[in-house]
Amino acid sequence: MNPSNHPAAASEPFSVRVADRVTRLPPYLFGRINKMIYDKRVAGDDVIELGMGNPSDPPEELVIEKLVEAARDPRNHRYSKSNGIANLRREVAAKYFKKYGVRLDPDAEVITCLGSKEGFSHMCLSLMGPGDTALVPTPYFPVHVYAVALASGNVIQLPVTDSDKFLSAIAHTCETLYPKPKLLLLCYPHNPTSVVVEQPFYDEVVRLAKRYNLMVISDFAYADVTFDGFHPPSFLSSPGAIDVGVEFTTMSKGYNMAGWRVGFCSGNRQMIQALATIKGYYDYGMFQAIQIAAIMALRHTDAAVERQSQIYQSRRDALCDSLARIGWEDARPKAGMFVWQPIPEPWRSRMSTMDFAMMLLDKGNVAASPGSGFGPDGEGYLRMSLVENEERLRQAVRQIKACLKEAEADYAGAPAETAAT
Ligand SMILES: Cc1ncc(COP(=O)(O)O)c(C=O)c1O
């Protein structure tokens, strides 16, 4: 008998049973906002988007020209090397030496990734497994938590805003948790809070990492976006850092190459080897023409990277000055692409951060990320990205002001029991 004609085959409908690692992922909190942005745009509304940190400016012309030239070379269309071409890895090592005084062996201590998010996720997969625990700063950039969860690891969240308390919490958790945590994740300039640290912080991290046998991953995505003469230190500059950890950098932010997917992991050779092993199974590396153009960007566009920081700094000032004029707290960051803005009273007490963000979008046509999308510790904040130009940012604040004035009037006019809910 043909198995598909068997009576049992007809009575049991086909079902897709996805893996637990997919079903145990938490719901995507920005889904509601993204749907409303989409619906509004379809309806013809002009939404000012301060949500994602998605750069809106193009890379330098010489980088694009190199990409075109390299794409015309038939030799660049084959599979490339999964760990990246040697000249690109050398350029990354050269930048580390020039900017941070860190010496890296480009063959063993640098690997290219398809954006730092891919590298970070696969690094978690190569280090973590069931029963392993990672310490993650909170509020968190979502992939910092989900990459550990996808690797079947557990996450312990440590509040990031006070760096001294963060260090004490690492020590305390390592002293008290059994089995001890295996991995510490750092991210400075931090997304979403824009918290920054100085080199002694990393010196202490290395000391703790050695004492408690804790591997460290530093996500340095905002290394190149810095303001007011501040230069964020590299974790790898601390003595002994390379014994305990790695650092991810990216061309997405400072070089305006987010869609190109060029990131790097540098540091501890055994950790890099573990990542290289996983990547060797999963991917064939980055399109070679992109790697060649990335070399040009690293070699010749330092001035443009600085100019881009200036642009973000002017946008930061336009946004923060305008918010201060309507009475909001000055939350000016020293680096990164975001303002981590406390929601002012009485709104903070009146409604959830998600409802507040939805109200600004619905009535004010301004999309900002609700802090609660970065975990419960983000409640009470909005993350506002600096990807729109200065005029649009000022306009966004005017729209927020008008929206809140209207909402206040509605609130005042509402019956008491409704106003209190
Ligand atoms: C903290 C942080 N890490 C990593 C990334 C991802 O960067 P990439 O484009 O290199 O994957 C982002 C992007 O927003 C980020 O904010």
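Begin by colouring the two domains of the protein chain: domain 1 covers 26-53 + 304-410 and domain 2 covers 61-300, with bounds that come from an automatic or database domain assignment. This is a predicted model, in which local features need pLDDT of at least 70, side-chain atom pairs count only at pLDDT 80 or more, and totals for chains, interfaces and linings use all residues. Residues are numbered from 1 along each chain as its sequence is written.

**The two domains and their contact**

The C-alpha centres of domain 1 and domain 2 are 28 Å apart. Where they touch, domain 1 contributes 20 residues and domain 2 contributes 24 residues; residues are in contact if their C-beta atoms, placed from the backbone, lie within 7 Å. On the domain 1 side, select α13 (302-325) and β9 (338-342), the elements that give two or more residues. Helices (H or I, at least four residues) and strands (E, at least two) are DSSP runs, numbered from the N terminus. The largest share of that side, six residues, belongs to α13. By type, the side consists of eight nonpolar, eight polar and four charged residues. Here Ala, Val, Leu, Ile, Met, Phe, Trp, Tyr, Cys and Pro count as nonpolar, Asp, Glu, Lys and Arg as charged, and the others, Gly among them, as polar.

**The sheet of seven strands**

Next, display the open sheet with the strand order β2-β8-β7-β6-β5-β3-β4, whose pairing is mixed. Two strands pair if DSSP finds at least two bridges between them. At the edges are β2 (110-113) and β4 (154-159), each of which pairs on one side only. From one strand to the next, the twist averages 20°. Then select helix α5 (residues 86-100), which packs on this sheet and touches β2 and β8 (263-267); the directions of α5 and β2 make about 115°. Axes are lines fitted to C-alpha atoms, for helices over the stretch in contact, and angles run from 0 to 180 degrees between N-to-C directions.

Within the sheet, zoom in on β5 (residues 183-186) and β6 (residues 215-219), which run parallel and are joined by four bridges. L184 stands opposite V216 in β6.

Most residues other than glycine have a negative phi, and most peptide bonds are trans. Select T138 and P139, which are joined by a cis peptide bond with omega of about 0°; P139 is in the loop between β3 (133-138) and α7 (142-150). Another cis bond runs from N191 to P192, with omega near 15°, and P192 is in the loop between β5 and α9 (199-212). Finally, R261 has a positive phi, near 65°, and is found in the loop between β7 (245-250) and β8.

**The sheet of four strands**

Move to the open sheet with the order β1-β10-β11-β9 and mixed pairing. Its edge strands are β1 (48-50) and β9. Five bridges pair β9 with β11 (residues 381-385) in the antiparallel sense, and V339 has M384 in β11 as its bridge partner. Helix α15 (residues 353-364) packs on the sheet, touching β10 (366-370) and β11.

**The ligand**

End at the ligand. Which residues come nearest to it? Of the 13 residues around the ligand, they are G115, S116, K117, T250 and S252; a residue is near a molecule if its C-beta atom, placed from the backbone, lies within 6 Å of it. The shell comprises four nonpolar, seven polar and two charged residues.
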